[in-house]
Amino acid sequence: MAPRSPSLTLHASCVALGGRGVLIRGASGSGKSSLALQLMAYGADLVADDQVQIWQQDAGIYARSPGAGGLIEARFVGILTVAAVTETAICAIIDLDQVETERLPAMRHEELLGQQIQIFRRIEDSHFAAAVIQFLKSGALDPDAKP
């Protein structure tokens, strides 16, 4: 699926599981590649590291590597070659520049290329990558939703 609308290249990383992708963004050195590697260790596939091309198509936002892909930086180890998926639909953004302080945070969204995308803030706990994998598998409940 090639971009049919204008695309945007972001300083971010992206991984996917089961056709659902998460865009990982943050300042240089914030841990984008590190979180991507943790997610990959739990079964996610790399889409892009360091630079991600995104575009809007129909009701979705899609991502792919603007270059050859299949490479990820492991800080203090080197550049690793990995199997990568060509592209994915983005279902969430992880913002590593903001720390989550709420135990059960309200569901947040951010507009990206005209679409509302769920956004998560970084949590400083060892279960963060596992929680993101579970979100990619099953989604998340809105804590403010009425049963």
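**A tour from hairpin to core**

Strands β6 and β7 form a hairpin here, with 3 residues between them. In the turn, Phe76 has a positive phi of about 70°. This is a predicted model.

Pick Ile72: opposite stands Leu80 in β7.

Next, select Val15, Val22, Leu35, Leu39 and Ile94. These have the most contacts inside the largest nonpolar core, which has 21 residues. Now colour β1 (7-17), β2 (20-25), α1 (32-41), β8 (87-99) and α2 (128-138): each supplies at least two residues of this core. The largest share, 6 residues, comes from α2.

Zoom in on Leu39. Setting aside residues up to four places away in sequence, Leu39 touches Val15, Val22, Ile24, Ala44, Ala129, Val132 and Ile133.

Finish on α2. Which of its residues are buried? Select Phe128, Ala129, Val132, Ile133, Phe135 and Leu136. They cover an arc of only 160° around the axis, so they sit on the same side of α2. The buried residues of α2 pack against β1, β2, α1, β8 and β10 (115-122). Turn to the face pointing away from the buried side: Lys137 and Ser138 are exposed there. Last stop, just after α2: Gly139 takes a positive phi of about 85°.

Methods: Residues numbered from 1 in each chain as written. Predicted model: local features only at pLDDT ≥ 70, side-chain atom pairs only at ≥ 80, totals over all residues. Heavy atoms only, no water. Pairing = 2+ DSSP bridges. Helix = DSSP H or I, 4+ residues; strand = E, 2+ residues; numbered from the N terminus. Core = buried A, V, L, I, M, F, W, Y, C linked by side-chain atoms within 4.5 Å. Buried < 20%, exposed > 50% of the residue type's maximum accessible area, 1.4 Å probe, protein only. Contact = heavy atoms within 4.5 Å. Arc of directions from axis to C-beta.
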